[in-house]
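Open the model in your viewer and keep the selection tool ready.

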Amino acid sequence: MFKRPAFIDQFRQSIFNKLLKNKHKTNEIELQHKTIYVLPSKLGGQFLLIALLNFVMGINYQNNLILAMAYLMVVVLVFAILTGYKNVRGLSVKYQSVNESYAPKAPIARFQIQAQSYCELIKLINDNLESETVSLQSKEKKTVEIALKCCERGAYGFDRIKIISHFPFGLVSVWSYIEPTETVYVYPQPIATEKLDTQLYDNDLHDGDNAKVKAGNDDFYQLTPFVQGTALNKVSWKHYAKTQQLLTKEFTSDASQELALIFNMLSGNNEHRLSQLCFLVNQLTDQHMAFSLTLPNKHIAKGQGINHQKACLQALAEF
């Protein structure tokens with residue numbers, strides 16, 4: 001099978017980018033005259049070619065019936081172009097979100113489509129990936145999902161997503177684009193590690209003190225929800241006897257501890273270390289534990305919760 005040279009695609013893409021400028025680089029777009037493009041589809045091109053051949057035959061043989069057929073076919077194509085344009089005019093497409101993705105699984109982007117009037121056969125295309133085809137009633141909203149091409153760990157700019165319809169008859173391609181300004185993150189593939197128990201360090205670690213902190217039994221500090229794997233001698237059994245709720249006793253020395261996830265303390269190549277850190281970040285977040293993250297090029301201070309987890313995972317993806 002013949003393959004088009006790469007430089008032709010690059011040249012075509014550069015010209016295309018200059019023509020489009022940045023008018024599609026937005027998280028929400030409403031399709032209007034300046035952002036809608038219409039051309040005959042592949043089937044429409046064949047249809048037009050047949051109409052041209054009929055016209056030539058009609059001229060050569062001076063046959064009015066064949067000429068009438070050629071004119072009728074051109075009228076049908078013009079009608080299809082106008083109807084296809086009217087079908088998508090006023091359509092609103094809004095970027096919603098991208099799901100969390102861990103390599104090598106590609107992320108899924110969600111878009112909300114709303115029609116001002118009845119709209120037929122709309123779908124999104126990202127290179128060779130397509131969403132489902134949807135039709136909408138007037139003022140109806142639908143959420144459409146489409147897979148993105150990025151599947152390796154990293155931070156990516158959004159691809160230009162094509163919004164396209166071949167309504168009616170499949171004779172025309174009516175399309176536009178949306179290019180969200182968000183960054184897409186593909187996190188490292190989580191790999192389980194047994195390194196967690198050796199990552200407990202003093203808060204002064206970053207000042208050069210690498211001494212481990214041992215759990216103490218000084219003064220009582222607080223009660224916290226029980227986390228699976230916690231030593232049973234730290235459970236407040238008196239509280240459990242009264243309320244049937246498992247709580248863990250913390251002491252003042254425990255309160256000064258910090259879980260520090262450190263890239264250089266793990267073994268393996270870069271990707272393997274990042275995968276182990278990804279696993280630990282998720283594990284500690286699920287266990288509602290505070291921790292810091294230290295990479296060769298970045299340090300994230302101690303914290304906990306979903307936002308802290310997201311910041312850490314994004315740092316791992318960008319490394």
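Over the ring of which residue does the charged end of R160 sit? Select Y177: the charged end of R160 is 5.8 Å from its ring centre. The rule asks for NZ of Lys or CZ of Arg within 6 Å of the ring centre and within 35 degrees of the ring normal.

This is a predicted model; local features need pLDDT of at least 70, side-chain atom pairs count only at pLDDT 80 or more, and totals for chains, interfaces and linings use all residues. Residues are numbered from 1 along each chain as its sequence is written, and side-chain values use heavy atoms, without hydrogens and water.

Next, select K162. K162 lies over the face of W175, 5.6 Å from the ring centre. Rings of Phe, Tyr and Trp (its six-membered ring) pair with centres within 6.5 Å; planes under 30 degrees apart are stacked, over 60 edge-to-face, the rest tilted.

The count is nine aromatic pairs. Go to Y95 and F158, an edge-to-face pair at 5.2 Å centre to centre, with 75° between the planes. Both residues are buried (under 20% relative accessible area; exposed is over 50%, partly exposed in between; 1.4 Å probe, protein chains only).

Now the cysteines. A search of the whole structure finds zero disulfides (cysteine sulfur pairs within 2.5 Å). For C151, the nearest cysteine sulfur, that of C150, is 7.6 Å away. C151 is partly exposed at 33% relative accessibility. Finish at C312, buried at 0%.
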